[in-house]
Amino acid sequence: MSKKISDNTLGKIKLTVLRVIVYAILVFLTFLCLFFFYLMIVNASRSNAELATGFSILPKGNFFVNLKNAWNDASINIPRGMLNSLIIAVSSAVITTYFSALTAYGIHAYNFRGKKFVFTFIMAIMMIPSQVSALGFLQLMTKWNLTDSYIPLIVPGIAAPVVFFYMKQYMESVLPLDVIDAARVDGSNEFRTFNTIVLPMIKPAIAVQMIFSFVSSWNNYFIPALLLNKAELKTVPIMIAQLRSADYSKFDMGKVYMFILLAILPVMIVYIILSKSIIKGVTAGSVKG
Amino acid sequence: MEKIQTGTGKKLKSVSYAKWGYIFIAPFFIAYIIFTLVPQLLTVYNSFFETYRIGLQQVGPNFVGLGNYKALFQPDANGTILIFKYALNTMILWIAGAVPQFVIAMLLALFFTSTRLNIKGQSFFKTVIYMPNLIMAAAFSMLFYTLFSRVGPIQALLENWGVIDHTFDFFAIRVSVRGMIALMNFLMWFGNTTIVLMAGIMGIDQSLFESATIDGANSVQVFFKVTMPLLMPIFVYCLITAMIGGIQMFDVPQVLSKGDGVPNGTTRTLVMYLNGYLKTRNLGMSGAISVIMFIITGGLGAIVYKMLSAPYKDQTRKHRERKGNVL
């Protein structure tokens, strides 16, 4: 009897120790994830002279001065860059999700010859990265005079296999075909059924994929950097990379931190508001166990 | 069999709607053909031609067969075959980030799903660890450069502590630049992997854990004999998609090293190599690199494809079996 009790207490002590270790690991990882961004915010609030003195753990009062300087910088037009990125990211988010849902619905709701092949084909091309066709893409866009245009950054989003796959999986779980039949009986044409009945039913999936498409477009660097040459068309990642190539010693460092902060701010705001649904969306689209 | 099915009344009804299926999937395929398939074929085509510029003078296109591929595997003046060097760099950078990424993610997934540990504040931790995944890689990399540069705060702090002197430069040391890239990749991806693995563990039938524990298995045994085998498909899926992502590694090392892969090209990745040729419009060489990358990612992608389509294959098989029974 007494041995059993001591076994029990031993188990409890073990569990407590384990919990302490686990929480310590979690706190450390949290620190690691936030530390660099915290430093960024602190440094974005310090003047160039203060930054030259080195490390500081507490923010200073120069935040709005840096913001003004960064916003009005002559060589790096960050407000313009943010506007450009916003235009591209919003358009491609809308186009990607709408057409992916349309494609998924086409395969989910209709029977047609070659349907299985179509589905297999989309699955097969899903993992091919865009870099391996970048050369041909660049060549074609140059030939069509579409460099320095946003069309090559937005319209290809119509064919997004990963988003398609997510939509297809979502429709399988929430969209019974009876609903579509009922709409047909009511005389709704197929296109209207999709726009007015199907889209509202898959709203959560649309929202999640819009966020992911927005974020990946906002952060996209490789293709835009190769396509856009005109200064007034450049997007935020290109400007940030330019910052790296510029002569560093001449820079007001407070401004540099502010540029970086501005580059990630829109996505951070979206994330802080919608983190729950974003995290839920991460798991969907992967293999089921 | 197929014909008999199309002959039934139900199928006939859906035949009249079939054209809508084609209409709805048409935009996808038109966009795919124009913006991916044709460029892909052009890329392969270009890899067999010599096309480049010297200054303002355009050379080619001249057909050279496999000449570009041969040139790619030709050792340079120092005797190094650059594509091997950059492939090795890419692999080292990926492994250095991916090993901690998967180890930590696996641990966290186990912690979060353990009913015995009953970790509080899970949604807070998940929110924090996933956050770096959404950060613009170029900006994150620029931030690291700024913090670790010779005029940055980390250097100043370490100098104050007397750990390093003023001549020290993080970006002149191979291990430190590679370490930074690996750290960034780790931070950007471990949260994502944690969440996916967690979903995988939660998808496992809980009664299996219970019966294993009742049979006297300890937690290590449960992990290796129950959790891991059942989690394998998802784990492999994560691993291979991470590999495909690793091969595409570009933004972080490009911005951090200003495209040079400092020091001495030891942090230059395959895509940075490709990007260099694309920038100078050397179509032949960039074509050859693209084709090689396509083959590697295609091979890895085939495995992912098999795994993702497995449930669908099952479904159709079951579907057929069911139909067969009815018939």
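Chain A of this predicted model contains 14 helices and zero strands, where helices (H or I, at least four residues) and strands (E, at least two) are DSSP runs, numbered from the N terminus. Read along the sequence, the pattern is accordingly α-α-α-α-α-α-α-α-α-α-α-α-α-α. The radius of gyration of chain A, taken over C-alpha atoms, is 25 Å, well over the 19 Å given by the globule rule for 289 residues, so the chain is more spread out than a compact globule. That rule is 2.2 Å times the number of residues to the power 0.38. Along the principal axes, the C-alpha atoms of chain A fill a box of roughly 85 × 75 × 35 Å.

Residues are numbered from 1 along each chain as its sequence is written, and chains are lettered from A in the order in which they are written. Local features need pLDDT of at least 70 and side-chain atom pairs count only at pLDDT 80 or more, while totals for chains, interfaces and linings use all residues.

Chain A is divided into domain 1 (2–60) and domain 2 (75–246), with bounds from an automatic or database domain assignment. The centres of the two domains, taken over C-alpha atoms, are separated by 39 Å. Of the 289 residues of chain A, 41% count as buried (20 or more other C-beta atoms within 10 Å of the residue's own, with C-beta atoms placed from the backbone).

Next comes the meeting of the two chains. The contact takes 76 residues from chain A and 85 residues from chain B; two residues are in contact if their C-beta atoms, placed from the backbone, lie within 7 Å. Elements giving two or more residues to the chain A side include α4 (78–109), α11 (203–219) and α14 (253–283). The largest share of that side, 14 residues, comes from α1(A). By class, the chain A side has 54 nonpolar, 17 polar and five charged residues (Ala, Val, Leu, Ile, Met, Phe, Trp, Tyr, Cys and Pro count as nonpolar, Asp, Glu, Lys and Arg as charged, and the others, Gly among them, as polar).

Within chain B, helix α6 (residues 122–130) and helix α9 (residues 174–202) pack at an angle of about 135°, with their axes 7 Å apart. Axes are lines fitted to C-alpha atoms, for helices over the stretch in contact, and angles run from 0 to 180 degrees between N-to-C directions. The helices α6(B) and α9(B) are therefore oblique to each other (angles under 35 degrees count as roughly parallel, over 145 as roughly antiparallel, 65 to 115 as roughly perpendicular and the rest as oblique). Lys126(B), Ile129(B) and Tyr130(B) of α6(B) make the contact with residues of α9(B), among them Phe190(B) and Ile195(B).

Notes. Buried ≥ 20, exposed ≤ 12 C-beta atoms within 10 Å, placed from the backbone.
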